[in-house]
Amino acid sequence: TRSLTITSVDQSMFEKAQGEKVTLPCTFELSAEDEGPLDIEWVLIPADNQKREQIIIMYAVDRVYNHYYAGLTGRMQFTSLDPRSGDGSLDILNLKASDTGTYQCKVKKAPGVQSKKIQLTVLVKPARTKCSIEGSQEIGKDVTLKCVSQEGSPLLSYDWRRVSDTQNLPATSVLNKNTGELLLKNASREYSGTYSCVAANRVGTDECSVELNVTPPVNTAGIIAGAIIGTLLGLSVLCSIIFCFCKKHREKKYEKEVHHDIREDVPPPKSRSSTARSYIGSNRSSLGSMSPSNMEGYTKTPYSQVPSEDFERAPTQTPAFAPSKVAAPNLSRMGAVPVMIPAQSKDGSIV
């Protein structure tokens with residue numbers, strides 16, 4: 001006796017790019033003996049054998065049930081509007097990398113039961129590819145051009161080409177297609193130009209470019225010397241500023257201390273009037289103790305020039321009197337009354 005058979009046995013592996021649509025085929029034929037209700041199930045077989053199969057969509061009792069698997073909700077449907085016609089194929093829209101896996105189609109109509117497995121691989125196109133230069137771009141140095149794609153399913157391959165002038169790479173270049181590195185040994189000025197990198201896998205390509213400019217070596221000795229001289233000049237200027245600031249601060253501090261310094265142990269200066277009185281009294285006492293014989297030095301100074309009690313002359317202008325030759329007792333201390341001492345005139349007469 002004949003039974004239910006699945007006729008779509010041509011292809012069991014599919015590779016699609018992310019964002020595309022895929023149709024997983026599952027066509028079948030019924031026999032006269034299959035009299036039970038038609039039941040079509042699509043399940044996702046996990047890579048981990050310890051996990052159970054999960055139903056993603058089902059047709060049963062003339063109805064479609066597609067709410068079992070949240071990861072594909074809104075992105076899957078039966079290809080045929082009426083799976084009873086013998087077409088239980090499944091459409092998956094807007095593919096994602098997470099859709100990669102093994103899918104199984106099960107067709108049941110008692111007493112017949114058949115199934116088919118299909119492997120789906122969702123590949124991601126290379127995207128956000130970036131080019132960069134590593135190393136010194138000087139004549140005689142080794143320069144490495146790097147190319148890395150931020151997105152893309154393995155296996156990715158990289159290829160470099162020269163855009164400007166001839167598209168041939170320099171003779172000393174070494175290319176690694178797996179890592180995307182292009183090594184240019186002993187670079188010369190002729191290596192300068194634009195280089196382009198193409199990242200590719202089975203579902204797409206992406207491209208980036210970089211500009212290489214090989215220049216003569218830089219005079220590092222001059223740069224270092226200039227940096228040292230500049231640093232020393234900067235330090236000298238800084239030291240000068242600090243020195244001037246400290247000096248000015250000390251001067252202000254000294255002026256402030258002198259301005260507010262009041263010495264209590266120094267007596268106040270005497271007034272000029274009291275100094276004049278002391279001067280006259282001391283000189284009168286000296287005159288009173290002298291004899292006519294030792295008064296010759298004082299005859300030249302008239303009494304009219306003796307400073308009065310209101311004498312205001314500066315100390316440097318005070319007339320000097322010759323000291324007496326004979327020390328006389330101080331009559332003022334003994335209680336004696338001062339007397340007028342006669343003076344001798346130029347003709348020898350006593351005044």
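One term before we start: a residue is called buried when its relative accessible area is under 20%. Keep in mind that this is a predicted model.

Take C26. Is it buried or exposed? C26 has 0% relative accessibility, so it counts as buried. Its partner is C105, and the two sulfurs sit 1.9 Å apart in a disulfide. The pair joins distant parts of the chain, 79 residues apart. C26 is in the loop between β3 (22-24) and β4 (28-29), while C105 is in strand β10 (residues 101-109). C105 also has a relative accessible area of 0%, so this end is buried. The link of C26 and C105 is left-handed, with -70° about the S-S bond.

How many disulfides are there? The count comes to 3.

Next, C131 and C208. Their S to S distance is 1.8 Å. C131 lies in strand β12 (residues 127-134) and C208 in strand β18 (residues 204-212). That is a separation of 77 residues, again between distant parts of the chain. Here the S-S bond has 75° about it, and the link is right-handed. Both cysteines, C131 and C208, are buried.

The angle about the S-S bond is -90°, which makes the link of C147 and C197 left-handed. C147 belongs to strand β13 (residues 143-151), C197 to strand β17 (residues 193-201). They are 50 residues apart, so this pair too links distant parts of the chain. Why does C147 count as buried? Because its relative accessibility is 0%. C197 is also at 0% and therefore buried.

What pattern do the disulfides follow? Counting bonded cysteines along the chain, the pattern is 1-2, 3-6, 4-5.

On to the nonpolar cores. In soluble globular proteins, nonpolar side chains tend to be buried together. In this model the largest nonpolar core has 26 residues. Those with the most contacts inside it are L24, W42, I56, I92, Y103, V107 and L120. Which strands supply at least two residues each? They are β3, β5 (39-45), β6 (54-60), β8 (76-78), β9 (90-92), β10 and β11 (112-123).

Leaving out residues up to four places away in sequence, L120 touches F14, V22, I92, L95, D99, T100, G101 and Y103.

Last stop, V214. Where is it? V214 lies in the loop between β18 and α1 (220-260). At 0% relative accessibility, V214 counts as buried. With residues up to four places away in sequence left out, its contacts include Q137, E138, I139, A187 and Y191. V214 and V143 are 71 residues apart in sequence, yet 9.3 Å apart in space, C-alpha to C-alpha.

Methods. Residues are numbered from 1 along each chain as its sequence is written. This is a predicted model: local features need pLDDT of at least 70, side-chain atom pairs count only at pLDDT 80 or more; totals for chains, interfaces and linings use all residues. Side-chain values use heavy atoms; hydrogens and water are left out. A disulfide is a pair of cysteine sulfur atoms within 2.5 Å. Helices (H or I, at least four residues) and strands (E, at least two) are DSSP runs, numbered from the N terminus. Buried means under 20% relative accessible area, exposed over 50%, partly exposed in between (1.4 Å probe, protein chains only). Contact means heavy atoms within 4.5 Å. A nonpolar core is a set of buried Ala, Val, Leu, Ile, Met, Phe, Trp, Tyr and Cys residues joined through side-chain atoms within 4.5 Å.
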